[in-house]
Amino acid sequence: MDLSTTYLGLKLKNPIVPSSSPLTRDLGLMKRLEDAGAAAVVLYSLFEEEINRESHMLDRYLTEHTESYAEALSYFTEAPRYHAVGADMYLNHLRKAKESLSIPVIASLNGVSKGGWLRYAKEMEQAGADALELNVYYVPTSLEISAAEVEQIYVDVLTEVKAAVNIPIAMKLSPYFSATGSHGQGADRCGSGWSGAVQPVLPT
Ligand SMILES: Cc1cc2nc3c(=O)[nH]c(=O)nc-3n(C[C@H](O)[C@H](O)[C@H](O)COP(=O)(O)O)c2cc1C
């Protein structure tokens with residue numbers, strides 16, 4: 001039976017695509033998913049927040065005693081050299097996945113800052129990702145921000161990332177939006193695909 005389909009403009013041999021999870025942290029497991037018939041894989045997410053935290057911790061450990069002894073002043077190079085350790089690991093993993101698999105590899109990004117979304121999206125594209133999944137998860141902590149404003153943040157992220165890269169983009173949505181269908185249509189107007197726990201059928 002021909003189960004071929006398209007997703008984000010990618011031709012898939014069937015509609016089975018393992019979602020972003022620890023299964024795609026390991027090359028061997030990804031190969032097994034491909035051998036078992038997966039038509040594409042979504043890598044686990046690169047979390048900008050995690051990279052920032054790692055970077056700050058590394059910076060702290062490398063520099064907190066730097067001034068304790070005069071001779072220690074030049075022990076370590078500047079912290080920015082270490083800034084993207086987590087990102088480099090992710091991008092290397094992505095490159096290796098592209099080398100070893102013949103199915104499309106979709107990278108997944110959870111950004112925080114506008115600079116982070118754009119920088120890592122571009123780097124994932126350069127590392128060979130066939131498409132990009134935006135794992136946006138914004139928790140509003142302000143009492144002043146409205147639901148519409150929260151949803152607008154998602155659309156803004158999508159619009160900006162879409163302008164920055166040339167690969168297809170899927171936006172992974174949480175099922176907890178008040179009006180998921182309408183929000184999805186906003187994303188759809190920006191030219192994004194759908195992904196995640198909710199796959200609403202949009203009116204034609
Ligand atoms: C252990 C675990 C890790 C996950 N890690 C990610 C992740 O890094 N990025 C992401 O977008 N989703 C992540 N997910 C969410 C899954 O991709 C998926 O959306 C979720 O499990 C809902 O799918 P289901 O309804 O088929 O279970 C993770 C889920 C699990 C269980």
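This is a predicted model: local features need pLDDT of at least 70, side-chain atom pairs count only at pLDDT 80 or more; totals for chains, interfaces and linings use all residues.

I counted elements to begin with: the protein has six helices and seven strands (DSSP runs, H or I of at least four residues for helices and E of at least two for strands, numbered from the N terminus). Along the sequence they run β-β-α-β-α-α-β-α-β-α-β-α-β.

Numbering starts from 1 along each chain as its sequence is written.

Next, burial. I find 28% of the 204 residues buried (20 or more other C-beta atoms within 10 Å of a residue's own; exposed means 12 or fewer, partly exposed is in between, and C-beta atoms are placed from the backbone).

Then I looked at α4, residues 114-126. Its 13 residues at 1.5 Å each should span 18 Å, and the end C-alpha atoms are 18 Å apart, so the two agree (expected span is 1.5 Å times one less than the number of residues).

Which residues of α4 are buried? I get Trp117, Tyr120, Ala121, Glu123 and Met124. They sit on the same side of α4 because they cover an arc of only 165° around the axis (taken from the directions from helix axis to C-beta atoms). Lys114, Gly115 and Gln126, on the other side, are exposed. Just after α4, Gly128 has a positive phi of about 110°.

Last, the ligand. Of the 11 residues around it, Ser19, Ser20, Ser21, Ser45 and Asn135 come nearest (near: C-beta atom, placed from the backbone, within 6 Å).
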